[in-house]
Amino acid sequence: MEKQPVLEIRQLTKEIGKKTIVEDLSLQVQPGEVFGFLGPNGAGKTTTIRMLVGLMSITRGKVLIQGIDLEEHFEKAIAHVGAIVENPELYPFLTGYQNLLHYWRMSRSIPKDRIDEVVQRVGLEQRIHHKVKTYSLGMRQRLGLAQALLHSPSLLILDEPTNGLDPAGIRDFRNQLRTWAREENLSVLVSSHLLSEVELMCDRVAVIQQGKLIDVKQVRELVDDTDEEQTFLLDVHPSLQALTQLQKRFPHREVEIIDNRIQLPLQRSEVPELSAWMVQQEIQIYTIQPVTRTLEDRFLQLTGGSQLG
Amino acid sequence: MVNMVRLMQNEHLKTYRRPGTWVMIGILLLVSIAFGFLYQMEHEGAAGDWRAGLEKQNRQDEKTLQNENLNQMTRANVEERYQINQYRLDHNMPPAAGNLWGMMSETAALMSLVTLFTIIVSATSVAGEFSQGTIKLLLIRPASRAKILLAKYLSSFGLALTLLVLAFTFSFITGLILFGNEGWETPHLYVQGGQVHEQSMLLHVIGLYGLKGVDLLMMTTFAFMISVVFRSSALAIGLALFLMFTGSNVVMMLAALGYDWVKYILFANTDLSPYFSGRPLVEGMTLSFSVTVLAVYFLLFNAISWLVFHKRDVAA
């Protein structure tokens with residue numbers, strides 16, 4: 001039997017005036033999954049997320065959270081969601097604890113001890129009774145996470161969570177997110193325009209562009225798709241002679257020389273044969289190296305190489 | 001589902017943790033006290049023999065009333081004053097000038113300050129959430145937008161009530177210290193149906209404060225609506241104050257020019273005191289007419305706030 005998805009989006013559409021911001025978007029997030037939502041700036045990620053948390057109205061389509069219709073039973077459905085939408089904007093004139101108390105009062109049947117529990121979880125015990133205006137961005141981010149985790153949601157929605165964090169902060173955040181997802185049995189939906197980030201954090205990724213879903217893939221699948229051709233770099237000597245010979249051998253492929261190295265597309269299975277052949281041709285081989293296909297290549301390929309934010 | 005009381009506790013927390021709220025409370029207390037001293041300075045030495053004063057004024061009024069060409073409104077006003085003065089002389093009831101009650105009647109003007117502060121707090125409570133960006137985390141909770149808005153609206157009046165009680169209490173204490181309890185028992189006098197009636201001075205003063213509460217209720221509701229619609233506390237505060245201070249003057253001008261439709265304007269109805277002493281702005285206006293007009297505006301402002309807040313897409 002298939003498990004009920006934590007989040008199910010059915011043909012979600014948002015129109016503002018005559019402009020379609022999000023078009024016919026459908027996807028599912030499974031329990032315990034970290035799901036990436038990837039797209040260039042302006043692709044409709046934030047609009048989608050705002051619809052998922054009820055900040056924006058839905059023009060057409062449905063959002064089901066734990067099987068509950070968000071529009072029809074907002075209060076019931078949203079109780080399962082913890083979210084940070086863009087920057088975690090908290091009340092600067094309140095202390096961290098007062099901020100959490102404020103959100104605690106807005107959720108149902110959560111024991112008050114839970115506040116201390118999440119404070120500990122995000123590691124803010126030292127500063128929780130200080131005013132938020134004295135917090136660094138990283139601390140605000142932690143407090144933002146604390147408020148999102150406060151009511152033990154089953155779905156955590158994070159919109160561009162690492163915006164403005166330094167590399168160390170991003171790494172911390174990533175590790176923590178993974179741990180929490182496991183320990184709190186959370187499904188996570190993370191939006192990002194940073195491919196490297198999604199690559200490191202997520203199990204599955206949806207790629208969207210201009211409001212449309214282009215592809216949903218496993219991250220591993222996206223990164224190394226072994227069937228396909230990929231670019232190899234050959235460090236050989238004499239390189240010019242090798243180039244002419246390779247061009248003769250592969251007349252229909254793009255063989256180039258860049259920085260004294262030969263670059264050509266190959267299937268993995270062709271490599272042993274090719275090296276044997278080159279040895280025969282008395283070409284000296286120093287290295288044959290695949291250019292690692294990153295999510296970025298894949299992403300550019302999927303989105304037709306449009307500019308990333 | 002989420003308890004309304006808890007939502008109001010939240011608004012309470014946010015209001016009283018803002019330094020601005022305490023500055024406002026401080027100003028209100030200072031002004032209440034200063035008001036007492038000013039009143040004392042104004043009436044110093046003016047006490048004298050109140051009997052002689054009243055008798056002199058009555059002789060003048062008698063002469064005035066003999067004038068056949070006197071217009072009706074002035075005649076009615078002078079007749080009332082004459083009647084009350086005569087009642088004071090007959091029953092040995094000195095007027096409440098220069099004592100505790102006299103001062104308290106004047107301090108009802110502090111209600112303008114209470115209204116001002118309530119407008120500021122209520123406008124900030126909505127628009128502030130938008131400008132700080134905290135609206136996003138506020139609306140993604142299991143509480144409907146209607147409830148959140150209602151909690152904000154009600155707690156604005158909670159603050160208004162607190163400010164009102166503080167202003168009243170502080171001027172009362174200042175008055176007791178400055179003037180003692182002299183004239184405590186003297187009732188307030190008013191004329192109704194050609195007869196002089198007595199009323200407890202305390203009730204009279206509370207009534208004066210209460211009548212100003214109409215302005216507070218309407219202008220706060222108005223400011224609340226503007227801040228929901230435009231998400232700008234500056235605009236809401238500015239517009240509400242501008243209308244509060246100019247509205248009644250404009251309405252009076254229009255009424256003086258003889259425009260009858262002026263009676264449907266909000267500001268022609270916010271001052272209910274003429275129905276208790278004096279004449280209405282436009283002939284034929286009654287208390288129930290004004291209350292109806294106020295109710296219509298009240299419902300309209302609230303309906304707009306609610307609709308806009310309910311429908312609004314929270315972007316940026």
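The legends below describe several close-up views of a predicted model.

Local features are given only where pLDDT is at least 70, side-chain atom pairs count only at pLDDT 80 or more, and totals for chains, interfaces and linings use all residues; side-chain values use heavy atoms, with hydrogens and water left out. Residues are numbered from 1 along each chain as its sequence is written, while chains are lettered from A and ligands numbered from 1 in the order in which they are written.

**View 1. Domains of chain A.**
Chain A is divided into domain 1 (7-80 + 153-223) and domain 2 (230-292); such bounds come from an automatic or database domain assignment. The C-alpha centres of domain 1 and domain 2 of chain A are 42 Å apart.

**View 2. Helices H9 and H10 of chain A.**
Helices (H or I, at least four residues) and strands (E, at least two) are DSSP runs, numbered from the N terminus. Helix H9 (residues 239-249) and helix H10 (residues 271-280) of chain A pack at an angle of about 130°, and their axes are 12 Å apart. Axes are lines fitted to C-alpha atoms, for helices over the stretch in contact, and angles run from 0 to 180 degrees between N-to-C directions. H9(A) and H10(A) are therefore oblique to each other. Angles under 35 degrees count as roughly parallel, over 145 as roughly antiparallel, 65 to 115 as roughly perpendicular and the rest as oblique. The crossing of H9(A) and H10(A) is right-handed; a crossing is right-handed if the near helix is turned clockwise from the far one by less than a right angle, and left-handed if anticlockwise. Which residues of H9(A) meet H10(A)? Gln245(A), Leu246(A) and Arg249(A) in H9(A) meet Glu273(A), Leu274(A) and Trp277(A) in H10(A), where contact means heavy atoms within 4.5 Å. By class, three nonpolar, one polar and two charged residues form the contact of H9(A) with H10(A). Ala, Val, Leu, Ile, Met, Phe, Trp, Tyr, Cys and Pro count as nonpolar, Asp, Glu, Lys and Arg as charged, and the others, Gly among them, as polar.

**View 3. The buried residues of helix H9 of chain A.**
Ser239(A), Ala242(A), Leu243(A), Gln245(A) and Leu246(A) are buried in H9(A). Buried means under 20% relative accessible area, exposed over 50%, and partly exposed in between (1.4 Å probe, protein chains only). The buried residues of H9(A) pack against strand E11 (230-237), strand E12 (256-258), strand E13 (261-266) and H10 of chain A. Pro238(A) is found in the loop between E11 and H9 of chain A, and the peptide bond from His237(A) to Pro238(A) is cis, with omega near -5°.

**View 4. Helices H3 and H4 of chain A.**
The axes of helix H3 (residues 96-105) and helix H4 (residues 113-121) of chain A come within 10 Å and cross at roughly 130°. H3(A) and H4(A) are therefore oblique to each other, and their crossing is right-handed. Tyr97(A), Leu100(A), Leu101(A) and Trp104(A) of H3(A) make the contact with Ile115(A), Asp116(A), Val118(A) and Val119(A) of H4(A). By class, the contact of H3(A) with H4(A) has seven nonpolar, no polar and one charged residues.

**View 5. Two residues of chain A with positive phi.**
Gln11(A) lies in strand E1 (residues 7-16) of chain A. Phi of Gln11(A) is near 45°, a positive value in a residue other than glycine. Gln11(A) is partly exposed, with a relative accessible area of 49%. Gln66(A) lies in the loop between strand E4 (60-65) and strand E5 (68-69) of chain A. Although Gln66(A) is not a glycine, its phi is positive, at about 50°. Gln66(A) is partly exposed, with a relative accessible area of 26%.

**View 6. Arg174 in helix H6 of chain A.**
Arg174(A) belongs to helix H6 (residues 167-183) of chain A. Is Arg174(A) buried or exposed? Arg174(A) is buried, with a relative accessible area of 17%. Not counting residues up to four places away in sequence, Arg174(A) touches Leu200(A) and Met201(A).

**View 7. Val314 of chain B.**
Val314(B) is in the segment after helix H11 (287-311) of chain B. Val314(B) is buried, with a relative accessible area of 2%. Val314(B) touches Arg50(A), Leu55(A), Met56(A), Ile135(B), Lys136(B), Leu139(B) and Arg145(B), not counting residues up to four places away in sequence.
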